[in-house]
Amino acid sequence: MGSVASVLTSGGVGAVVSGVVIAVITAVSKRGSERATAAKSIAEAEQTDAGAAEILTGIAAKMTADIRQENQSLRVELRELKGAVDDLTHAVETAIPLLEQAGHVDAVSEIRTAREHVRRVL
């Protein structure tokens, strides 16, 4: 009977040891699998980030080009506007003496004030 007990005990110990070894192997292989999955996820995220960065760079370049073009157009318009204001100012200055002769002193004063304001702005 003692030998039966020892066989059962040693067999039971063997089963326990086998179970522990299998559990360790499963855990280790799971960790490797989890690491591989994590590495794959990181690589996919980096590709997504690179793709997003490329898209954003393209958008920024297009916006910059549009802003530069609009800026250039506005500069041309501003030059033309300054030229037109200069022409108008010159025409008003030639009319001031005629308005003074006609007795429109208040109008001449308002025109001169407006003319000075335009000169300060431009």
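Which residues are linked in a network of salt bridges? In this predicted model, the network is made up of E93, R115, E116 and R119. The count of salt bridges comes to six, and the views below show some of the pairs.

**View A. A salt bridge joins D66 and K62.** The side chains of D66 and K62 meet with an N to O distance of 2.8 Å. Both residues belong to helix α1, which covers residues 2–101. They are separated by about one helical turn because they stand four residues apart in this helix. D66 has a relative accessible area of 33% and is partly exposed.

**View B. A salt bridge joins R112 and E100.** Here the side chains meet at 2.9 Å, N to O. The pair links distant parts of the chain, with R112 in helix α2 (residues 105–121) and E100 in helix α1, twelve residues apart. R112 counts as partly exposed, at 35% relative accessibility. E100 also counts as partly exposed, at 36% relative accessibility.

**View C. A salt bridge joins E116 and R119.** The closest N and O atoms of E116 and R119 are 3.5 Å apart. These residues lie three residues apart in helix α2, so about one helical turn separates them. E116 is partly exposed, with a relative accessible area of 33%. For R119, the relative accessible area is 45%, and R119 is partly exposed.

**View D. E116 and R119 belong to a network of salt bridges.** The network also includes E93 and R115.

Definitions and conventions. Residues numbered from 1 in each chain as written. Predicted model: local features only at pLDDT ≥ 70, side-chain atom pairs only at ≥ 80, totals over all residues. Heavy atoms only, no water. Salt bridge = Lys/Arg side-chain N within 4 Å of Asp/Glu carboxyl O. Helix = DSSP H or I, 4+ residues; strand = E, 2+ residues; numbered from the N terminus. Buried < 20%, exposed > 50% of the residue type's maximum accessible area, 1.4 Å probe, protein only.
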